[in-house]
Amino acid sequence: MPEFNKDFYAARSNELLEALTEANGCTNCGKKDVSTKRCTGCKFSKYCNVDCQKADWKKHKPVCKATRSAKDIPSAFCRLLKSWGLMNDKELVKEMENYSDLFIDEVVRVGKRSRFPEPNSINMGLTVVCVEDDNNIVRLTSTARFGTEEEMVNDVHAVLFKTIDQGKEAISKLYPPDHGFSMFGAPPGKIAEEKKELAAKYVVEFVDKLKERDLRVRTITCGRGLPWLVDNKDLYDRGVMCMEG
């Protein structure tokens with residue numbers, strides 16, 4: 001049985017980086033009408049020749065390190081591209097949908113199938129939380145774990161990545177001041193009442209999307225901002241057990 005490839009997004013990240021920087025010239029001298037080669041480390045910066053690369057190394061070193069580190073975490077990599085002005089927020093969310101689709105394809109390819117609750121299905125558990133992103137944006141994101149009764153793979157982060165709200169008031173609700181963390185009871189933080197329907201819609205749609213590929217979500221742990229999801233009828237009707245956490 002094939003092993004799960006944790007670098008399932010690597011080819012796409014290189015393709016994306018190349019497409020977004022195709023029009024860029026030499027990072028050091030700025031010339032665009034010459035043949036350039038990319039840095040072999042980050043695949044981001046391009047140079048006319050070795051001399052230009054050496055001349056730029058002091059400035060490029062932290063960029064190279066940040067790019068290589070972020071490429072291992074797709075949500076961080078895409079936010080890095082956004083911070084460089086290479087994509088806007090709408091494009092960021094869209095690219096994370098591409099990441100999610102590639103994750104699903106990889107799970108299906110590996111095919112660690114179970115006998116329960118349905119024969120030949122792939123069981124999955126999700127942890128959903130709301131988190132703060134740049135520019136006071138509230139994101140709904142999810143970590144997934146899948147496998148059989150005998151074997152589960154490591155957690156895969158940001159398989160669901162959606163915008164829920166924005167603004168300082170939304171962030172203050174999600175991260176209330178002087179609210180200590182407790183191991184018992186509902187996790188701290190709330191989202192606006194009028195945003196709950198949207199958050200639930202995103203989660204239910206994701207569960208349905210997985211089911212279309214025979215990926216069965218058995219449990220959902222509802223974290224920051226989302227403990228009220230434990231009573232969601234749509235998830236209950238789909239056989240998903242929800243719990244606070």
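**Figure 1. How much of the chain is tucked away.** Of the 245 residues in this chain, 43% are buried. Keep in mind that this is a predicted model. Take the contacts between residues at least 6 apart in sequence: 57% of them join residues at least 24 apart.

**Figure 2. The run of helices and strands.** There are seven helices and seven strands in the chain. Follow the sequence along and you get the pattern α-β-β-α-α-α-β-β-β-α-α-β-α-β.

**Figure 3. Phe 4 and Phe 103, an aromatic pair.** The count of aromatic pairs comes to six. Here we zoom in on Phe 4 and Phe 103, whose ring centres sit 6.3 Å apart with the planes at 75°, so this pair is edge-to-face. Phe 4 comes from the segment before helix H1 (10-20), while Phe 103 belongs to helix H4 (residues 89-110), so the pair ties together parts that are 99 residues apart in sequence. Both Phe 4 and Phe 103 are buried.

**Figure 4. Helix H4 against helix H6.** How do you describe two packed helices? By the angle between their axes and the distance between the axes. For H4 and helix H6 (residues 193-211), the angle is about 35° and the axes are 11 Å apart. The crossing of H4 and H6 is right-handed. Look for Ser 100, Asp 101 and Ile 104 on the H4 side; they meet Phe 206, Lys 209 and Leu 210 from H6.

Figure 5. Is Asp 133 buried or exposed? Its relative accessibility is 9%, so Asp 133 counts as buried; the cut-off for that is under 20%. Which residues is Asp 133 in contact with, leaving aside its neighbours within four places in sequence? They are Arg 79, Arg 139 and Phe 161. With Arg 139, the side chain of Asp 133 makes a polar contact of 2.8 Å, side chain to side chain.

Technical notes
Residues numbered from 1 in each chain as written. Predicted model: local features only at pLDDT ≥ 70, side-chain atom pairs only at ≥ 80, totals over all residues. Heavy atoms only, no water. Phe/Tyr/Trp six-rings, centres within 6.5 Å; stacked < 30°, edge-to-face > 60°. Helix = DSSP H or I, 4+ residues; strand = E, 2+ residues; numbered from the N terminus. Buried < 20%, exposed > 50% of the residue type's maximum accessible area, 1.4 Å probe, protein only. Contact = heavy atoms within 4.5 Å. Polar contact = N/O pair within 3.5 Å; in protein donor to acceptor, adjacent residues only side chain to side chain. Axes fitted to C-alpha atoms, helices over the stretch in contact; angles between N-to-C directions. Left-handed = near helix turned anticlockwise from the far one by under 90°.
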